[in-house]
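Trainee: I have a model to go through. Can we take it piece by piece?
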Amino acid sequence: MIPMVDLGKQFAGIREEIMEMMCRILESSHYILGPNVREFEKKIADYLKVAGAIGVASGTDALHLSVEVLGIGEGDEVITTPFTFFATVEAIVYTGAQPVFVDIDEKTFAIDCRKIEEKITRKTKAILPVHLFGHPADMKTVMKIAGKHRLSVVEDCAQAFGAEIEGQKVGGFGNTGCFSFYPSKNLGAYGDGGMITLGRDGSVSDEIRELRNHGSKGSYIHDSVGFNSRLDEIQAGILQIKLKRIDEYNRKRREKAELYSSLLSDAVTCPIEKEGCYHVYNQYTIRSRKRDEIQRRLKEEGISSVVYYPRPLHLQKALSYLGHREGDFPAAEEAAKEVLSLPIYPELEESDIKRIAGIVRKAAG
Ligand SMILES: Cc1ncc(COP(=O)(O)O)c(C=O)c1O
């Protein structure tokens with residue numbers, strides 16, 4: 001069996017450090033929003049070179065609290081992509097705002113910036129691009145459009161910890177950047193966790209800190225109604241241990257991706273890295289009209305593969321009230337029919353990649 005990710009292999013390499021840290025935190029009797037969370041927030045802000053970072057309970061909450069703190073709600077519109085994990089759009093819907101979809105760039109799977117302006121109305125308040133699979137969205141163009149129309153920008157960085165555009169890490173472009181520490185992410189916890197980063201402007205920091213903790217400054221005085229969305233000490237400790245190694249983890253993912261592409265580029269469409277970008281390959285996603293056949297053969301050989309995502313968001317029943325139909329976003333619909341993500345993680349063996357590529361080539365041939 002070759003799984004999509006093998007978290008056990010990674011744990012084996014950091015086991016002693018993790019166990020020692022967990023013991024220390026358990027003995028401290030301080031389990032939520034304590035010194036480890038504060039230290040981790042500072043380290044993340046330094047690593048990503050952002051004005052601040054605030055730990056929350058998940059990537060979904062990071063997105064939700066971001067949209068909330070920007071004052072977006074009923075009657076407002078937020079522009080985003082239909083080709084992403086459902087949480088991206090849930091965050092918009094939770095606030096009462098309406099998601100407005102823009103089709104994707106077929107090469108990077110990110111929002112197609114050429115089509116954003118035609119969707120801007122008087123109700124538009126923000127753009128929410130997603131750095132899908134670890135490749136950055138075109139943030140230069142997103143920020144230019146946002147500046148021109150005075151819109152906020154929330155980056156969904158859940159799949160792209162450490163990804164860069166011309167040396168600047170994602171999460172530092174928009175008003176906020178939203179990270180997920182779900183275990184299979186490039187920087188993954190041993191449970192749920194998330195982080196909101198503040199682009200160049202740290203002004204909403206205090207408000208987010210209150211929102212994540214019942215609207216309270218920690219004094220049982222509530223100036224607003226907030227949420228319970230706190231990061232715990234053990235996850236913050238685990239994430240600090242992994243943060244020290246994240247550059248190496250991402251470099252190894254890139255090496256695996258390079259090997260896959262060298263073996264597959266004449267058989268299927270391989271992921272690209274746009275000039276100036278640093279792709280961190282949370283997923284290695286190929287495209288082929290023979291996608292289902294490739295997946296069937298891989299399964300027969302005991303190799304995992306996953307279709308991220310089989311149904312674009314505009315065709316999901318939960319969002320049928322938006323009134324979309326098939327054909328509205330052809331690039332997203334085409335991608336949903338052709339994409340297949342192959343196993344990728346820092347510890348994946350070269351021999352496994354060669355074996356997987358051999359099966360893919362045969363099935364695609
Ligand atoms: C693109 C994207 N956005 C948001 C999320 C939500 O993150 P979480 O699972 O931590 O709530 C994910 C996680 O899978 C994701 O992939």
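Trainee: How many residues of domain 1 are in contact with how many residues of domain 2?

Mentor: This is a predicted model, where local features need pLDDT of at least 70, side-chain atom pairs count only at pLDDT 80 or more, and totals for chains, interfaces and linings use all residues. Residues are numbered from 1 along each chain as its sequence is written. Domain 1 is 7–243 and domain 2 is 246–364, with bounds from an automatic or database domain assignment. Contact requires C-beta atoms, placed from the backbone, within 7 Å, and the counts are 32 residues of domain 1 and 29 residues of domain 2.

Trainee: Which elements each supply at least two residues of the side of domain 1 that touches domain 2?

Mentor: Elements here are DSSP runs, numbered from the N terminus: helices (H or I) have at least four residues, strands (E) at least two. On this side of domain 1 the classes are 15 nonpolar, eight polar and nine charged residues. Nonpolar covers Ala, Val, Leu, Ile, Met, Phe, Trp, Tyr, Cys and Pro; charged covers Asp, Glu, Lys and Arg; the others, Gly among them, are polar. The elements are helix H1 (7–28), S6 and helix H7 (233–243).

Trainee: How far apart do the C-alpha centres of domain 1 and domain 2 lie?

Mentor: Take domain 1 as 7–243 and domain 2 as 246–364. Their C-alpha centres lie apart by 24 Å.

Trainee: In the sheet with S6, which residue in S10 is the bridge partner of Glu 164?

Mentor: The sheet is open, has three strands in the order S7-S6-S10, and pairs antiparallel. Strands S7 (168–169) and S10 (277–278) are at the edges with a single partner strand each, so one side of each has no neighbour in the sheet. Strand S6 (residues 164–165) is joined to S10 by two bridges, and pairing takes at least two DSSP bridges between two strands. In S10, the partner of Glu 164 is Tyr 278.

Trainee: Why is strand S9 largely enclosed by the rest of the structure?

Mentor: Buried means 20 or more other C-beta atoms within 10 Å of the residue's own, exposed means 12 or fewer, and partly exposed is in between, with C-beta atoms placed from the backbone. Gly 194, Ile 196 and Leu 198 point one way from S9, Met 195 and Thr 197 the other way, and all are buried. S9 (residues 194–198) is largely enclosed because the buried residues number five of the five.

Trainee: Which residue in S9 is the bridge partner of Gly 177?

Mentor: Strand S1 (residues 52–56) runs antiparallel to S9, joined by five bridges. There, Val 56 has Gly 194 as its partner in S9. Strand S8 (residues 176–180) also pairs with S9 in the antiparallel sense, over five bridges. For Gly 177, the partner in S9 is Thr 197.

Trainee: Which strand do the buried residues of H10 pack against?

Mentor: In helix H10 (residues 330–338), the buried residues are Ala 332, Glu 333 and Ala 335. They are on the same side of H10, because their arc around the axis is only 160°, taken from the directions from the helix axis to the C-beta atoms. Pro 330 and Lys 337, on the other side, are exposed. The buried residues pack against strand S12 (339–342).

Trainee: Which elements give two or more residues to the shell around the ligand?

Mentor: Of the 15 residues around the ligand, Ser 58, Gly 59, Thr 60, Ala 158 and Ser 180 come nearest; a residue is near if its C-beta atom, placed from the backbone, lies within 6 Å. The elements are helix H3 (59–69) and helix H4 (87–94).

Notes: Contact = placed C-beta atoms within 7 Å.
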